[in-house]
Amino acid sequence: MAGLKLQDVRKNFGAVEVIKGVDLEVEHGEFVVFVGPSGCGKSTLLRMVAGLEETTSGRIEIGGRLVNNVEPRDRGVAMVFQSYALYPHMSVYDNVGFGLKLAGTPRDERDAKIRAAARVLQMEHLLDRKPAQLSGGQRQRVAIGRAIVREPDVFLFDEPLSNLDAALRVDMRMELARLHTDLGATMIYVTHDQVEAMTLADKIVVLQGGIVQQVGSPLELYNRPANLFVAGFIGSPKMNFIEVTVDGTTNDGVRVANSLLASPALVGQRQGMAPSDTLTLGVRPHALQLDDTGPIGGAVTLVERLGNETIVRVRLDAATEITAALAGQREIALGEPVRLGFEPVDAHLFAADGRRL
Amino acid sequence: MNHGTPSGDTRLRMSRLFPGGKSQKARATAVLFVLPAFTAYAVFVLAPLVMSLYYSTLRWDGIGKARFTGLANYVTVLTDPDLLSIIGNAFELVLYFTVIPVLLGLAVASAIRGHMAGTFGTLTRTILFLPQVIPLVAAGIAWSWMFASTGLVNQALTAVGLADWARGWLGDFDFALPAVGIIGAWVLLGLCTMLLVTGITKIDPSLYEAARLDGARPWHEFRYVTLPGLRQEIGVCITVTVISALASFDIVYIATGGGPGITTMVPGLEIYRLAFAHRQVGLASALAIVLMVLVLIAITPVQWYAREKK
């Protein structure tokens, strides 16, 4: 097992630069998730680590060894693909053991490893089946089994759960977390689903436009997003943003105002701002609560009752709506006027360039 | 529901055949829909087949009185050294018509895999398919010129210092059949390559990537990903080319007319010659039936191998 180090890694497709200088260190045994919207370069970066895409410039090191020009088979990585990539004509047993067979592993040893992987993934009863005879979840297990038997330094997962239904995705997510704990292996996982990222990762790498926006633990990203993009991407429902002007400061923080706000809002003390600065106020839907004296007021346009919480959309003006996730089951009618408030420490302020203050 | 007993299965099949129930009306409607196609098949396939079977038991010149001779014509087909040699020629042609196009097609398809999008792909497909568009008669004539004593092949051999190898290829007892085989291979290469190139683009590219990560080298990728992925296309190629070889007529007729001697004579041409030149309709029919059986025997294992394994 080993860690991974990327130094100013870049990738061009013709004249288009898709990875624009990524620096990253992954410790041995860490579960790192690359997350970002479609086209942000996360899969390309993973494939560069795997050796399936050439690296235009920069250094990729696995276990302290430079691997830029090393063939995929010799990098000590195993990859689980979004499409599973199981050999359709081979049985599950042969699929799992294919890499070992090519490596010339003796038959007995190969058999033991295949059966051990099947035991770990609870698919011993599937070994004689062909991929076409398996469900999506079972195929995914086989793909993971194929990665496990190779005992790689680094496991790579390219959106492995995106073809599964919601319930199975939750199950497989838990299985992957258990697998990571059991194997103690370094794992790099690509997803566009920030819930997967939050639940699985030791460390999340948020990518946008081929640039790393922030690296940190799930709660660091949630509590202290580095910029507007990360703040909007991490967390569900996504953070509400309202453009505000600095009105003044008090001992408890800074007061911001906007014609959309029913009253000035107080945000925990922040550095780097001056009166009259135009900033963006960010408040997570879960930080909002019903408050008759709260700064945000408007009419309810949508109510989603999820049982454990009630999601409401509140219209501030014709172009601006915000979302609030209220705990429990609330009796709120469409069109009803509501006032919402938040604790000053739960709000974020972002500068005009998107940076968090 | 009972799936286990034959009666249960029959009921199930019937209900699938006649979703509206087993009423007489539904059955009549189904028959009505099948009738036009069945009539055409019966008139143009079944009737000639039955008539050929009947003719094969006769001694008949095609005009005069026929005489029933039982299986005598079949005995002749299977014992006459010339006819056996002619059947052997057809099987030798399989080597050229099938093996060369399928192997070369696989090689080309593997080589250009991943480059099939865009102009290169379109151009490649067009060039490869061109021999299929050219009428076989025209191809036969063009190749006859190239294989002639003063033709392009001999000119090329002379140009590279191999003048000793030059000969009238299609008139040479040893090389006429291989020369005809090469014409067939050229014609069928386009078809096979097109089928295989199209088939290879359907293989999930991530299988190749998974194989590379599993430690596969190019040969392993070909052996464990490409070949199994092209099973059905290879089956179609082999079936079509084997039939082309065993039932060949036009290329041989144009290029050599079966000569020199009977070195390039094939059953298809011999059937024509026996029936219309020698007026031995019975023997020609027997040879046709034997040829059909040989084709079926040759392609059945291919069909079995190529079908989708569940």
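How many residues of domain 1 of chain A are in contact with domain 2 of chain A? Four residues of domain 1 take part, and they meet four residues of domain 2. The structure discussed here is a predicted model.

## Domains of chain A

On the side of domain 1 that touches domain 2 in chain A, three residues are nonpolar and one is polar, with no charged residues.

## Overall build of chain A

Chain A has 357 residues, of which 39% are buried. Its secondary structure consists of eight helices and 20 strands. Along the principal axes, the C-alpha atoms of chain A fill a box of roughly 75 × 45 × 35 Å.

One open sheet of chain A contains five strands in the order 13-12-11-14-20, with antiparallel pairing. Its edges are strand 13 (265-268) and strand 20 (347-350) of chain A; each has a single partner strand, so one side of each is left without a neighbour in the sheet. With direction ignored, neighbouring strands of this sheet are turned by 45° against each other on average.

Within this sheet, strand 11 (residues 240-250) and strand 12 (residues 253-257) of chain A run antiparallel and are joined by five bridges. Gly248(A) is placed opposite Arg255(A), a residue of strand 12 of chain A.

In soluble globular proteins, nonpolar side chains tend to be buried together. The largest nonpolar core in this model has 105 residues, and the members that touch the most others are Val33(A), Val49(A), Leu156(A), Ile188(A) and Leu281(A). Helix 4 (residues 136-149) of chain A gives this core its largest share, six residues. Another core lies apart from it and has 60 residues, including Leu93(B), Val102(B), Leu189(B) and Met265(B).

Which residues does Leu156(A) contact, leaving aside its neighbours within four places in sequence? They are Leu46(A), Val49(A), Ala50(A), Val77(A), Ala78(A), Met79(A) and Ile188(A). Two of these partners, Val49(A) and Ile188(A), are also listed among the core members that touch the most others.

Chain B is assigned domain 1 (6-55) and domain 2 (74-306). The centres of these domains of chain B, taken over C-alpha atoms, are separated by 36 Å.

The contact between the chains involves 17 residues from chain A and 15 residues from chain B. On the chain A side, the elements giving two or more residues are strand 6 (77-80) and helix 2 (92-102) of chain A. By class, this side of chain A comprises 13 nonpolar, three polar and one charged residue.

Technical notes: Residues numbered from 1 in each chain as written. Chains lettered and ligands numbered in written order. Predicted model: local features only at pLDDT ≥ 70, side-chain atom pairs only at ≥ 80, totals over all residues. Contact = placed C-beta atoms within 7 Å. Helix = DSSP H or I, 4+ residues; strand = E, 2+ residues; numbered from the N terminus. Nonpolar A, V, L, I, M, F, W, Y, C, P; charged D, E, K, R; others polar. Buried ≥ 20, exposed ≤ 12 C-beta atoms within 10 Å, placed from the backbone. Domains from an automatic or database assignment. Core = buried A, V, L, I, M, F, W, Y, C linked by C-beta atoms within 7 Å. Pairing = 2+ DSSP bridges. Axes fitted to C-alpha atoms, helices over the stretch in contact; angles between N-to-C directions.
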